[in-house]
Amino acid sequence: MSRLALLALTAAGAPAMAATHTVAPGEGGQQRLQEALIVAQPGDEVVLGAGRFVLDDGLSLDVDGVTVRGAGMNATVLDFTGQKDAGEGLLVTSDKVTLRDFAIENPHGDGIKSKGADAIVYQRVRVTWTGGPKETNGAYGLYPVESDGVLIAECEVSGASDAGIYVGQSKAITVRNSVARHNVAGIEIENSRDALVEANYVTGNTGGILVFDLPSLPVMGGGNTIVRSNLVVHNTTPNFAPKGNIVAGVRRGTGVMVMANDGVLVEGNTILDNPTAPVMVVAYPLKFDDKSYNPYPRNVTIGVNQVDAGGTDPQFEGKEQLLAAFGGALPPVLWDGLSQAGTVALRVDPSIKGWSLNLPTQGGGLDAAVKPGPLEAPAPVAGASLTGVGAPAELEARLVP
């Protein structure tokens, strides 16, 4: 056999070598970048040069196993200020994708949406609406949905008119070491299971960290979520969500809110200056037709957290009377008083005081029949802890220093 034939046989039997597709900003950047995302093969990298890519249309990636990386989230900027359509800046619909070290500014819709994209990693990605909080900003900054395995680390989002970091209808999730500021909701875990939200800085939003379930969605039954070691401070921005949006009902000054979820542990957080309620546990407040939906919180545990005096400026009707009744500040934990028969809605560490609206029925409002009072909740069960939360180890291994 000739040497040439041997080489040909060897090449035919070897896996394809991963390729690097380098794209620099400048004229034609839109087309060159989208082409790179199309021609990339599994295992390839699309490397974005430092500078500002001025783009007028959204981008998409539909190839498994591709890494898209820039020179840093303040060095490589995908600028969608002139975007002509209302879609997301970047749409990912493939598995095992890694997004790292770049920024997206001013998308007309969501920043980055990954739909049905399993095992996805976002690391040091920034999404910013540079004009600050506005109703006309896109809804979500980082928006993974319908995915199995999501890791968001060291990211930053500001200005989203719904949630800065949103994970929906997914499982095996970690959101860690990220910053969410000046969004309506800082971080949302919605209709998802097995989530770990830890060591994030959540500030200047209307509400800080929200964990909840909504009816009539393809995936429901959210729960088994831990919210720990986060800094949730000064979430006092007035709500700027478009009318009709579910988060338009989030009260300014909400720290951590759990709604209609099963098995949530909130512990080890520092929760300061959230003047409606540092921690709020409530049932879904609206009417619904979905008979499979459970609107009540179940098995929610508020462990030891560092909290301040509590609600000093609650956004409720009759707040003057409430503040007077509780000596000038509402206790840190607010429960609406609603639970599913036969379940424990809420356990609270004895070191944290609370109060209850004592609502009589799901979907009811604050009226003359409501008689708020001090919260009487059982203490957490000694030794009990949630397990099986967080993104798989394979995703953690894809993080780089």
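Me: Which strand gives the largest share of the lining of the largest pocket?

Reply: Rolling a probe the size of a water molecule over the atoms shows where empty space is left. Here a pocket is an open set of points on a 1 Å grid over the protein atoms alone, where a 1.4 Å probe fits, with protein on both sides within 12 Å along at least five of seven lines, and lining residues have an atom within 4 Å of a point. Strands are DSSP runs of E of at least two residues, helices are runs of H or I of at least four, and both are numbered from the N terminus. The largest share of the lining of the largest pocket, three residues, comes from strand 23. This is a predicted model, in which local features need pLDDT of at least 70 and side-chain atom pairs count only at pLDDT 80 or more, while totals for chains, interfaces and linings use all residues. Residues are numbered from 1 along each chain as its sequence is written, and side-chain values use heavy atoms, with hydrogens and water left out.

Me: What is the volume of the largest pocket, and which residues are closest to its centre?

Reply: The largest pocket holds about 640 Å³ of space, a volume being the space filled by probe spheres set on grid points that are joined across faces, edges and corners. It is lined by 27 residues, of which Gly249, Arg251, Val282, Ala283 and Pro285 are the closest to its centre. By class, 19 of the lining residues are nonpolar, five polar and three charged, where Ala, Val, Leu, Ile, Met, Phe, Trp, Tyr, Cys and Pro count as nonpolar, Asp, Glu, Lys and Arg as charged, and the others, Gly among them, as polar.

Me: How many residues line the second largest pocket?

Reply: The second largest pocket, with a volume of about 310 Å³, is lined by 17 residues, and Leu265, Thr301, Pro380, Val381 and Ala384 are the closest to its centre. Strand 24 gives the most to this lining, with three residues.

Me: Which residues have the most contacts inside the largest nonpolar core?

Reply: A nonpolar core is a set of buried Ala, Val, Leu, Ile, Met, Phe, Trp, Tyr and Cys residues joined through side-chain atoms within 4.5 Å. The largest one has 65 residues, and Val46, Leu78, Leu99, Phe102, Leu142, Ile302 and Leu346 have the most contacts inside it. Strand 10 (residues 120-128) gives the most to this core, with four residues. A second, separate core of 33 residues includes Tyr166, Val184, Val250 and Ala277.

Me: Is Arg398 buried or exposed?

Reply: Arg398, in the segment after helix 4 (393-396), is buried, with a relative accessible area of 15%. Leaving aside neighbours within four places in sequence, Arg398 is in contact (heavy atoms within 4.5 Å) with residues including Lys96, Thr98, Ala119 and Gln123.

Definitions and conventions. Buried < 20%, exposed > 50% of the residue type's maximum accessible area, 1.4 Å probe, protein only.
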